[in-house]
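Hi,

Here is the structure I promised to pass on to you. My notes on it follow below.

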Amino acid sequence: MAAAPVVISQDEVRSLLRYRDLIPRLEDALAKFSRRDSADVIQPVRSTSDPIQYFGLMPTYMENDGVLCTKVLCFYKRQAGSALPSVQSTVLILDPEYGNVQAVIDGEVITGMRTAAASAISAKLLMPARAEVLAILGSGHQARSHYSVFTEIFTFKEVRVWSQTRASAERFSDWAGGAVRVCGSAEEAVRGADVIVTVTRATEPVLLGQWIKPGAHVAAVGACRPDWRELDDALMKEAVVYADSKEGAKAESGDIILSGAEVFAELGDILNGTSPAHREKTTVFKSLGMGLEDAVSAKLVFDRWRAKNSQT
Ligand SMILES: NC(=O)C1=CN([C@@H]2O[C@H](COP(=O)(O)OP(=O)(O)OC[C@H]3O[C@@H](n4cnc5c(N)ncnc54)[C@H](O)[C@@H]3O)[C@@H](O)[C@H]2O)C=CC1
Ligand SMILES: O=C([O-])C1=[NH+]CCC1
C-alpha cells in the first residue's frame with residue numbers, strides 16, 4: 001500500500017513559497033504550455049459544474065517534469081461575518097507512476113500567489129515603459145496578493161484602490177500600511193493609470209474603455225464565467241487581448257465571449273518569441289487561471305517541504 005499523503009497547511013505554504021522563485025518557474029511553464037507539446041504539459045480546460053454554486057477540477061500532467069496534480073475549487077456565497085475566502089481550494093499532488101495522492105496542500109495561498117504572479121508576468125511583458133501609477137479595482141484576497149507582488153517587483157509612484165464600499169477600500173489601504181490612495185469611484189482610480197488590475201466578483205463591467213489612458217495595461221482577473229463581465233465592450237475591442245490559455249478564454253471568459261473580442265496571443269507566445277508584446281498599445285491580459293500554475297506552485301512547495309522535513 002502507498003504511504004499516506006502528507007497534509008501541508010496554509011501557514012506552511014506561506015512560509016515555503018516566494019515570488020522570486022515562483023515567477024521564473026511560471027514563465028517557463030507558460031512558455032511550455034503555449035508550445036502545446038504533450039510531453040511538457042497536458043492541461044485540459046477545467047471542468048466545472050454547479051451543484052454548490054461552482055465546483056471545478058483543474059488537472060495537469062507534466063510528464064517531463066514528473067508532475068501529476070489537480071486543484072479542486074469551490075465558490076461559495078460568503079456568510080455575513082465570515083473571514084473564509086469566497087474561493088476555496090485544495091491542491092492534490094499524485095504520484096505520476098501509480099496515481100496515489102502524495103500531498104494534500106491548502107490552495108488559498110497558492111491560488112492567491114500564482115494568480116498575482118501571472119498578472120505580474122503580464123505586466124512585465126506588456127505594461128508601458130516608465131509605468132508610474134497602479135490602480136486596483138477590488139479589495140479582497142486577490143487584491144492583496146496582487147498588491148504584494150506588484151510592489152515587490154515594480155516601483156510605482158502611486159497605488160490607488162477602489163472597492164464596492166469605501167470601508168473595504170480603507171481596510172485594504174490600512175493593511176497596505178496606508179501607502180494606497182483610496183478612490184471614491186472606479187473611474188477616479190483608473191484615470192491616468194498605467195497599470196490596472198481588476199480583481200472583483202463583479203458580473204457587470206466595472207472598468208470602461210473610455211476612462212483608460214491609451215497604452216495602459218489591464219490585468220483582468222475576475223469574471224471567470226461565460227456570463228460574467230468586468231470590462232466593457234469598448235475596452236475589449238480597443239485593446240490587444242492576451243490570455244493565459246486561448247481555449248480557457250474562449251470557453252470561460254464573459255469579457256471575451258460576450259464582446260466578441262479576439263485573443264491575439266497567450267503570454268507563453270510572447271515568452272516563446274512567437275508573438276509580439278504590444279507594449280505601445282492598450283493591452284488586456286485576460287486571466288482565467290490554469291491548473292498548470294497550481295501544479296508548478298505545488299511542486300515548489302512539496303519539494304521544499306520534503307527537503308525541510310528530511311533534515312529534521
Ligand atoms: N484568474 C484567476 O486565476 C483567478 C480569478 N479569481 C477571481 O478573482 C476575483 C477576486 O477573487 P478574490 O479576491 O478571491 O475574491 P474576494 O471575495 O476576496 O474579493 C472580491 C472583491 O470584489 C468586490 N466585489 C464583489 N462584487 C462586486 C461587484 N459587483 N462590483 C465590484 N466589486 C465587487 C468585493 O467587494 C471584494 O473587494 C473573483 O472573481 C474570482 O473568481 C480568483 C482566483 C483565481
Ligand atoms: O484558477 C483559479 O483557481 C480560479 N479561477 C477563477 C476562480 C478560481
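Which helices and strands do the buried residues of helix 4 pack against? They pack against helix 2 (19-35), helix 3 (108-126), strand 7 (133-137), strand 8 (158-162), helix 5 (166-175) and strand 10 (195-198). Helices (H or I, at least four residues) and strands (E, at least two) are DSSP runs, numbered from the N terminus. Two residues are in contact if their C-beta atoms, placed from the backbone, lie within 7 Å.

Before the rest, some bookkeeping. This is a predicted model, in which local features need pLDDT of at least 70 and side-chain atom pairs count only at pLDDT 80 or more, while totals for chains, interfaces and linings use all residues. Residues are numbered from 1 along each chain as its sequence is written, and chains are lettered from A and ligands numbered from 1 in the order in which they are written.

**Helix 4**

Helix 4 covers residues 141-153, which makes 13 residues. From first C-alpha to last it reaches 19 Å, close to the 18 Å expected at 1.5 Å a residue (the expected span is 1.5 Å times one less than the number of residues). Its buried residues are Gln142, Ala143, Ser145, His146, Tyr147, Val149 and Phe150. A residue is buried if 20 or more other C-beta atoms lie within 10 Å of its own, exposed if 12 or fewer, and partly exposed in between, with C-beta atoms placed from the backbone.

**The two ligands**

The shell has 25 residues, of which Gly140, Gln142, Thr200, Gly222 and Gly289 come nearest. A residue is near a molecule or strand if its C-beta atom, placed from the backbone, lies within 6 Å of it. By class, the shell around ligand 1 has 9 nonpolar, 15 polar and 1 charged residues. Here Ala, Val, Leu, Ile, Met, Phe, Trp, Tyr, Cys and Pro count as nonpolar, Asp, Glu, Lys and Arg as charged, and the others, Gly among them, as polar.

Around ligand 2 you will find Leu73, Val87, Ser89, Thr111, Cys224, Leu288 and Gly289. That shell divides into 4 nonpolar, 3 polar and no charged residues.

**Domains**

The domain assignment gives domain 1 (6-110 + 292-311) and domain 2 (116-289); such bounds come from an automatic or database domain assignment. The C-alpha centres of domain 1 and domain 2 lie 23 Å apart. Their contact takes 14 residues from domain 1 and 19 residues from domain 2. On the domain 1 side, helix 2 provides the largest share, 10 residues. The residues on that side divide into 9 nonpolar, 2 polar and 3 charged.

Where does ligand 1 lie relative to the domains? Both domain 1 and domain 2 give residues to its shell, so ligand 1 lies between them.

Helix 2 has 17 residues and reaches 24 Å from its first C-alpha to its last, close to the 24 Å expected at 1.5 Å a residue. Its buried residues are Leu22, Ile23, Leu26, Ala29, Leu30, Lys32, Phe33 and Ser34. Helix 2 is followed by arginine 36, whose phi is positive, near 55°. Arginine 36 sits in the loop between helix 2 and strand 2 (47-49), and it counts as exposed, with 10 C-beta neighbours inside 10 Å.

Arginine 130 also has a positive phi, near 60°, in a residue other than glycine. Its place is in the loop between helix 3 and strand 7. Arginine 130 counts as exposed, with 7 C-beta neighbours inside 10 Å.

**Cysteine 69**

Cysteine 69 lies in strand 4 (residues 67-75). Is it buried or exposed? Cysteine 69 is buried, with 27 other C-beta atoms within 10 Å. Leaving aside neighbours within four places in sequence, its contacts include Val91, Ile93, Gly291 and Ala298.

**The whole protein**

The protein has 11 helices and 14 strands. Of its 312 residues, 48% count as buried.

Best wishes
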